[in-house]
Amino acid sequence: MNRWNMEANEMSLASLSDDVLASVWGALDDVKDPEIPAVSIRELGMVRQVCALDGRIRVELLPTFVGCPALDWIRRSVERQVAQVLGRDDVDVVFVFDEPWTSARITPQGIEKLLQFGIAPPVVSNDSRLIPPCPYCGAESGEVENLFGPTPCRAIFYCHHCKQPFEGMKPL
Amino acid sequence: MAVHTAAVELSIEHREALVDFLRQLADDELTLGHRDSEWLGFAPDVEEDVAFSSIAQDEVGHAVYYLDRLAELGEGAADVLAFQRDGGARRNANLVERVNGDWAYTILRHFCYDVFDTLRLRALTDSSFKPLAQGAEKMLREERYHLLHMESWVKHLGRAGGEARERLQAAVEAVWRDLGDLFSLGAHAEVLVRERLMPVPPEELLASWVDRVGPVLTEAGLSWPGAPTLTTEAGRVGVHGPELQTLLDTMRAVYHLNPETRW
């Protein structure tokens, strides 16, 4: 089976009832990013929409990075979580590209939790700034240590104020 | 002009051209991604081990995106396409199959490719094949980081002077010998451009590439060898150097132990 689904445009997507919809969104709150377990995929802004297709539940996700190795894990977690909360196994999780995932999709709660976890949230701006404030001391005196970090979505910075290296999410 | 959202809408002529082009895209990314991964444990410092591994992961991920589109067109599963096709069926440019050589060559080759890939992706955001337009929009944002990284290395090595700049200048000469087919759209170029599957023709892409690369080489104190000459031969029509076979032997060694294994 393909990881991506491109055929939704020809499909007739329908709405789910309000209570089913609320339960699915609730279930998605409990699916965490395996590399940042403090933050849910909903808080990361990865959920594009939840709808119905041919009577089945359809969860559309936006990958943060195309080559993110966590995607298959996330897909299985969503299937498991929805099955557990709703008692239904007719759920299809598809990764879509109708719009690109961007840093601006991270919710305020997601930003707060990233900070608590010690990862600087991405700079969201119109210019090309990359360096976020330090998540430990808040100083804006960081420099790039490595544009590439432990996962595709993270970079490594160094804070000249508190003399700590720190991780931050790349603006995308 | 039609916007193609699915394979069923394509004529046979368009389909053949699209399949060939998707192979060019997938094979460029997969081959260079494999070369990037070869630096793991051997890069000049641990930061570059991390950087090249991360870049490799991005490039291979992009290859999978294109291979999945081929699978949707009925060309076979992504793993089969990645591992079972022999050199003659591969459409990557010669540049990305060359062995890594020294650090200067690695950096300069990647910089030249990343500028090309960024321009190609930007063009593809207007592709009449919607999955390509959507994927390009996403990948473009990721490639920004590859380009930033390689450009800063080119400038660092160039400004360092001495052996670093000498090696970088030698890399320029070596990369230039392989630029001809990079811009080629292969056997179906005319259809690809006419149907706007790939809306920008090679000559135009090359001109933008020269405008972008020239000033960086100047800033790095390197001499400009002149605009590369385009060719429609070589990698885009399946003609490769012996390096590709060696690369494929390594890349497929585990796969061939048991192609049916589920990972």
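In chain B, helix H5 (residues 103–124) packs against helix H9 (residues 202–219) at an angle of about 135°, and the two axes are 10 Å apart. The model is predicted.

**The helix pair.** Two packed helices are described by the angle between their axes and the distance between the axes. Angles over 145 degrees would count as roughly antiparallel, and 65 to 115 as roughly perpendicular. H5(B) and H9(B) are therefore oblique to each other. The crossing of H5(B) past H9(B) is right-handed.

Which residues of H5(B) and H9(B) meet? From H5(B) come B:Cys112, B:Val115, B:Phe116, B:Leu119, B:Arg120 and B:Ala123. From H9(B) come B:Leu205, B:Ser208, B:Trp209, B:Arg212 and B:Val213. By class, this contact has eight nonpolar residues, one polar and two charged.

**Between the chains.** Chain A meets chain B through 21 residues of chain A and 27 residues of chain B. On the chain A side, eleven residues are nonpolar, five are polar and five are charged.

**Within chain A.** Chain A has two domains: domain 1 covers 8–95 and domain 2 covers 118–169. Their C-alpha centres lie 29 Å apart. Six residues of domain 1 contact four residues of domain 2. The domain 1 side of that contact holds three nonpolar residues, two polar and one charged.

The classes are set out below.

| Contact of H5(B) with H9(B) | eight residues | one residue | two residues |

Conventions
Residues are numbered from 1 along each chain as its sequence is written. Chains are lettered from A and ligands numbered from 1 in the order in which they are written. This is a predicted model: local features need pLDDT of at least 70, side-chain atom pairs count only at pLDDT 80 or more; totals for chains, interfaces and linings use all residues. Domain bounds come from an automatic or database domain assignment. Two residues are in contact if their C-beta atoms, placed from the backbone, lie within 7 Å. Ala, Val, Leu, Ile, Met, Phe, Trp, Tyr, Cys and Pro count as nonpolar, Asp, Glu, Lys and Arg as charged, and the others, Gly among them, as polar. Axes are lines fitted to C-alpha atoms, for helices over the stretch in contact, and angles run from 0 to 180 degrees between N-to-C directions. Helices (H or I, at least four residues) and strands (E, at least two) are DSSP runs, numbered from the N terminus. Angles under 35 degrees count as roughly parallel, over 145 as roughly antiparallel, 65 to 115 as roughly perpendicular and the rest as oblique. A crossing is left-handed if the near helix is turned anticlockwise from the far one by less than a right angle, and right-handed if clockwise.
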